[in-house]
Amino acid sequence: MTAQQLKNSILQMAVQGKLVPQDPNDEPASVLLERIRAEKERLIKEKKIKREKNPSVIFKGADNTPYEKIGDEVRSLADEVPFDIPDSWEWVRLGNIGDWGAGATPSRTNPEYYGGNIPWLKTGDLTDSYIDAIPETITELALEKTSVRLNPAGSVLIAMYGATIGKLGILSIAATTNQACCACFPLGGLDNKYLFYFLMAQKPLFIKQGEGGAQPNISKEKIVSTLMPVPPLEEQRRIVVMLGQIFPIIDAYSKCKTELDLCNATFPERLKKSILQEAVQGKLVPQDQSDEPAEALLERIRTEKQRLIKEGKIKKDKHESVIFRRDNSHYEKRGSKEENINDIIPFELPDSWEWIRLSAILTSTDAGKSPQCENRPRTIGEWGVIKTTAIQDGYFLAEENKVLPLDFNLQESMVVHHGDLLITRAGPRNRTGVICVVDGEPENLILSDKTVRLSYLRNFVNPHYVMTALNSPAMQYFVVDAMTGMASSQVNISQEKMKTFLLPLPPLNEQQRIVDEVSKIFGRIDKLNF
């Protein structure tokens with residue numbers, strides 16, 4: 001049960017006489033209603049309020065059934081009253097318990113009507129609580145010349161139009177309202193807070209009554225014709241006190257539930273991030289002394305890259321560097337220049353691991369093109385260019401593509417293949433720097449200009465480990481730091497910046513153990529129910 005459902009249930013108990021006990025010593029509600037009628041008659045005679053059309057009186061028959069008298073007509077309300085009430089209570093139409101009136105909006109074209117000292121409330125100012133400050137004001141002239149109505153402090157307000165239907169407030173100050181708000185000043189001593197709670201209990205009904213039009217709305221007529229159960233005045237006060245004690249507890253429950261729901265909703269992803277962080281720090285799987293250390297793996301990678309450079313198959317990276325340790329500090333050597341980089345190394349690694357720049361394991365980076373395309377499903381044999389949405393966090397969606405024009409000049413460097421390590425390089429912040437490995441053989445797809453393939457030596461590096469590492473919180477710091485552009489809109493990561501990403505490199509066999517363990521744990525997390 002939600003907090004609002006719990007409130008609704010308790011409100012229903014309150015207005016049915018089931019929340020607090022009845023006291024036989026209480027003055028019955030019939031006496032209170034007589035006082036209300038007498039006060040209304042006095043105010044009508046003094047011309048302070050107008051007599052409503054077709055006023056009614058509700059009374060109990062000999063069989064305890066409620067009847068309503070309007071003029072000379074008497075009819076049973078047995079089919080209209082929604083529930084039974086205690087003997088000391090009475091049914092009444094809302095219009096009979098106070099002075100009701102809707103507001104108005106003085107003409108905006110007359111500047112003399114606005115900026116005075118009379119508060120003027122719009123339904124957006126209602127807070128389901130006391131109203132002691134209202135931002136907009138009107139002048140005495142507006143009050144004199146327009147149909148706007150000044151409501152005394154203590155008046156209960158209810159919104160009648162749009163998305164705010166049923167929104168409530170109690171004025172702590174005298175104020176006017178716009179026409180979307182109806183106000184009631186209770187008479188005869190009826191507790192305005194009890195009226196407030198009754199209207200709150202009726203909100204679902206008012207919303208239902210307002211459905212069906214272009215703009216949802218309820219009228220003043222619908223409100224004042226609503227049946228209201230009236231308890232003795234002392235019981236009204238007991239109800240108000242009890243609800244005042246219960247609702248803060250429900251609000252506290254609501255806050256706790258909201259926080260719990262948020263925790264449950266975010267916990268799986270936060271747990272996954274924690275697992276990824278453990279993985280890249282060498283804490284997820286045990287090290288194996290028989291594994292070839294990452295230092296030897298890097299030597300083999302450098303040797304292989306040198307061979308490919310000599311054969312003209314790849315180009316030499318002018319900015320490639322080597323990271324090493326000396327005197328418990330990390331240094332980076334680029335050409336003949338050495339630099340202490342201890343301040344950017346986020347954590348220590350196992351002895352068999354090494355810190356590298358991403359470029360150390362790459363042979364090239366490739367981007368594609370995004371010509372004018374048809375956004376429709378491809379037919380057999382047609383080529384497509386992937387959208388950035390094809391690259392999801394950890395997996396590839398081949399169906400996310402646009403159809404390439406028939407005359408497009410295809411280049412092999414753009415074609416997407418099984419095992420490709422892809423990253424988005426431009427777009428909204430939450431869609432940039434997203435990394436995946438292409439599993440399966442995609443058919444007739446090329447990279448877009450906003451996607452980059454990070455080409456690596458396939459027998460020397462596990463691409464799923466690289467993806468895992470770059471998705472970890474510590475490594476994501478370097479990904480985000482490489483972004484340029486407006487943080488709130490479009491950002492970009494250059495291919496040169498990608499090559500500088502720091503990466504913790506384990507032995508090749510341990511890379512596979514990490515990938516397997518992460519996959520197993522993530523599978524279990526995905527099966528959890530929160």
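Me: Leaving aside its neighbours within four places in sequence, which residues is Ile361 in contact with?
Reply: Ile361 touches Ile301, Ile356, Ser455, Tyr456, Leu457, Val461, Val466 and Leu503. Contact here means heavy atoms within 4.5 Å.

Me: What kind of model is this, and how are residues numbered?
Reply: This is a predicted model, where local features need pLDDT of at least 70, side-chain atom pairs count only at pLDDT 80 or more, and totals for chains, interfaces and linings use all residues. Residues are numbered from 1 along each chain as its sequence is written, and side-chain values use heavy atoms, with hydrogens and water left out.

Me: Back to the core. How many residues are in the largest nonpolar core?
Reply: It has 58 residues, and Leu358, Ile361 and Phe501 have the most contacts inside it. A nonpolar core is a set of buried Ala, Val, Leu, Ile, Met, Phe, Trp, Tyr and Cys residues joined through side-chain atoms within 4.5 Å. Buried means under 20% relative accessible area, exposed means over 50%, and partly exposed is in between (1.4 Å probe, protein chains only).

Me: Which helix gives the most to this core?
Reply: Helix α12, residues 508-527, with 6 residues. Helices (H or I, at least four residues) and strands (E, at least two) are DSSP runs, numbered from the N terminus. Apart from this core lies another one of 55 residues, among them Ile36, Trp89, Val240 and Ile250.

Me: Gln512 is in helix α12 too. Buried, partly exposed or exposed?
Reply: Gln512 has a relative accessible area of 35%, so it is partly exposed. Its C-alpha atom is 31 Å from that of Val385, which is 127 residues away along the chain.

Me: Change of topic: salt bridges. How many are there?
Reply: The structure holds 39 salt bridges. The criterion is a side-chain nitrogen of Lys or Arg within 4 Å of a carboxyl oxygen of Asp or Glu. One of them joins Arg238 and Asp26, at 2.8 Å from N to O.

Me: Where do Arg238 and Asp26 lie?
Reply: Arg238 is in helix α7 (residues 233-280) and Asp26 is in the loop between α1 (3-15) and α2 (29-45), so the pair ties together parts that are 212 residues apart in sequence. Arg238 is partly exposed at 26% relative accessible area, whereas Asp26 is buried at 11%.

Me: What does Arg35 form a salt bridge with?
Reply: Its partner is Glu27, with the closest N and O atoms 2.9 Å apart. Arg35 is partly exposed at 33%, and Glu27 is partly exposed at 35%.

Me: And which side chain meets Glu52 in a salt bridge?
Reply: Lys40, at 3.2 Å from N to O. Glu52 sits in the loop between α2 and β1 and Lys40 in helix α2, 12 residues apart. Glu52 has 26% relative accessibility, so it counts as partly exposed; Lys40 has 8% and therefore counts as buried. There is also a network of salt bridges that links Glu39, Arg42, Glu46 and Lys48.

Me: On to strands. How do β14 and β15 run?
Reply: Strand β14 (residues 322-326) and strand β15 (residues 329-334) run antiparallel and are joined by 5 bridges. Two strands pair if DSSP finds at least two bridges between them. In this pairing Phe324 stands opposite Tyr331 in β15.

Me: What is in the turn?
Reply: β14 and β15 form a hairpin with 2 residues between them, and Asp327 in the turn has a positive phi of about 55°.

Me: What is the strand order in the open sheet of 3 strands?
Reply: The order is β24-β29-β28, with antiparallel pairing. β24 (426-428) and β28 (484-485) are the edge strands, and each pairs on one side only. β28 pairs with β29 (residues 490-492) over 2 bridges, and Gly485 stands opposite Val491 in β29.

Me: Last thing, the surface. Which residues make the nonpolar patch of about 220 Å²?
Reply: Val57, Phe59 and Val74. Patch residues have over 30% relative accessible area and no salt bridge; like charges are joined within 9 Å, and nonpolar side chains (Val, Leu, Ile, Met, Phe, Trp, Tyr) within 5 Å. Areas come from the Shrake-Rupley method with a 1.4 Å probe, and for residues only the protein chains shown count as cover. Val57 lies in strand β1, residues 56-60, and at 36% relative accessibility it counts as partly exposed.

Me: Where does Asp72 lie?
Reply: Asp72 is in the loop between β2 (66-70) and β3 (73-76), and it is exposed at 82% relative accessible area. Asp72 and Asn444 are 85 Å apart in space, C-alpha to C-alpha, and 372 residues apart in sequence.
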